[in-house]
Amino acid sequence: MIKYSVVIPAYNEEAVIETTYNRLTEVMKKSDGEYELVFINDGSRDATADMLSQICDKDSSVRLINFSRNFGHQIAVTAGMDYAQGQAIVIIDADLQDPPEVILEMIEKWKEGYDVVYGKRKKRKGETVFKKATAAMFYRILDKLTTVEIPVDTGDFRLIDRKVCDVMKSLSEQNRYVRGLVSWVGFKQTPLEYDRHERFAGETKYPLKKMLKFAADGITSFSYKPLKLANVIGITLCALSVLYLLIALIIGLCLPAVTMPAWALALTIALFFNGITMIMLGIMGEYIGRIYDEVKGRPLYVVKETKGFNSNAQ
């Protein structure tokens with residue numbers, strides 16, 4: 001029976017994938033049971049798929065899932081959990097920013113009885129000040145908005161027990177925020193602090209556009225408070241409008257010489273309220289778009305081929 005599964009999503013990682021495989025193999029050979037390395041090629045356009053196929057051919061512990069196209073990091077992680085056969089499942093990115101050696105410490109925590117052991121970053125080496133600042137801000141905003149406690153300064157690097165993985169497999173929502181879902185399902189969880197390294201090679205797969213999409217998925221998946229913002233803004237604007245009218249009335253009565261062009265006042269008010277309206281429509285549109293994705297009922301991903309799985313695999 002396979003005891004440990006390591007899920008590794010990969011997208012255009014030809015510069016690092018061989019080293020990732022070697023380090024993971026070295027670490028998992030030190031564990032106390034059989035293991036499998038489940039690589040998910042998320043529609044890579046470089047040589048990642050060919051390199052993983054060659055690795056899979058020479059090592060029976062390696063599994064490969066090839067997507068038909070790029071479906072995104074969170075979907076790749078989901079596919080890895082769907083196919084993983086171990087009693088404990090570790091999720092780690094292929095870029096080696098999360099050191100594989102920490103997996104052995106996670107396993108020790110799992111043996112103590114924890115169902116989820118999530119990596120908590122003490123330091124984030126090799127990242128820009130902008131990325132560190134925006135990431136810190138996002139996690140704290142998300143914490144304030146949601147009713148589910150999602151640990152700050154954590155990523156998808158974690159170990160989950162088989163029963164947690166089975167529950168995760170039953171969740172079919174399209175716009176996935178895996179670390180939030182792991183928090184939502186509950187069970188006994190604990191952090192494990194570590195220093196995150198800079199990327200071993202290659203370029204980041206999370207530019208600003210994807211970071212914003214990821215943040216939107218996290219907030220809209222676990223909070224409807226942004227929708228309540230319309231009520232707060234509406235009440236505030238009504239109060240300010242009444243206050244403005246009172247001030248204008250007092251000025252008109254007490255200082256008749258002070259006047260403001262009517263067209264300028266009307267234009268300013270119209271632009272202000274139209275801007276607020278568009279913001280609220282945009283927020284509602286985000287939620288409606290996600291509802292649309294859910295009701296279509298499409299599969300989360302399409303697998304082009306798999307290698308290394310036995311007949312009992314999914």
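Reply: Start with Asp161, which caps the N-terminal end of helix 6: one of its side-chain oxygens is 3.1 Å from the backbone nitrogen of Lys163. Keep in mind that this is a predicted model. Helix 6 covers residues 162-169, and its buried residues include Arg162, Val164, Cys165 and Met168. Looking down the axis of helix 6, you'd see the buried residues fall within an arc of 160 degrees, so they line one face of the helix.

Now for strand 6 (residues 154-161), where you'll find Asp156. Asp156 makes a salt bridge with Arg179, with 3.3 Å between the closest N and O atoms. Arg179 belongs to helix 7 (residues 178-185), and the pair links parts of the chain 23 residues apart. Both partners, Arg179 and Asp156, are buried.

Another joins the side chains of Asp98 and Arg196, at 3.0 Å from N to O. Asp98 is in the loop between strand 4 and helix 4, while Arg196 is in strand 7 (residues 189-196), 98 residues away. Asp98 counts as buried at 3% relative accessibility, and Arg196 is buried too, with a relative accessible area of 6%.

Glu101 pairs with Arg23 in a salt bridge, the closest N and O atoms being 2.8 Å apart. Glu101 sits in the loop between strand 4 (88-91) and helix 4 (102-111), and Arg23 is in helix 1 (residues 17-28), 78 residues apart. Glu101 is partly exposed, with a relative accessible area of 39%. There's also a network of salt bridges linking Lys3, Asp32, Glu108 and Lys111.

In one of them, Phe67 and Tyr301 have ring centres 5.3 Å apart and planes at 20 degrees, so the pair is stacked. Phe67 lies in strand 3 (residues 62-67) and Tyr301 in the loop between helix 10 (262-296) and strand 8 (303-307), so this pair ties together parts 234 residues apart in sequence. Both Phe67 and Tyr301 are buried. Together with Phe71, they form one aromatic cluster. Over the face of Phe71 lies Arg69, at 3.9 Å from the ring centre.

Charge and ring meet in another place too: the charged end of Lys188 sits over the ring of Tyr114, 4.8 Å from its centre.

Note on methods:
Residues are numbered from 1 along each chain as its sequence is written. This is a predicted model: local features need pLDDT of at least 70, side-chain atom pairs count only at pLDDT 80 or more; totals for chains, interfaces and linings use all residues. Side-chain values use heavy atoms; hydrogens and water are left out. Rings of Phe, Tyr and Trp (its six-membered ring) pair if their centres lie within 6.5 Å; planes under 30 degrees apart count as stacked, over 60 as edge-to-face and the rest as tilted. Helices (H or I, at least four residues) and strands (E, at least two) are DSSP runs, numbered from the N terminus. Buried means under 20% relative accessible area, exposed over 50%, partly exposed in between (1.4 Å probe, protein chains only). A charge sits over a ring if NZ of Lys or CZ of Arg is within 6 Å of the ring centre and within 35 degrees of the ring normal. The arc is that of the directions from the helix axis to the C-beta atoms. A polar contact is a pair of N or O atoms within 3.5 Å; within protein, one must be able to donate a hydrogen and the other to accept it, and residues adjacent in sequence count only if both atoms are side-chain atoms. A salt bridge is a side-chain nitrogen of Lys or Arg within 4 Å of a carboxyl oxygen of Asp or Glu.
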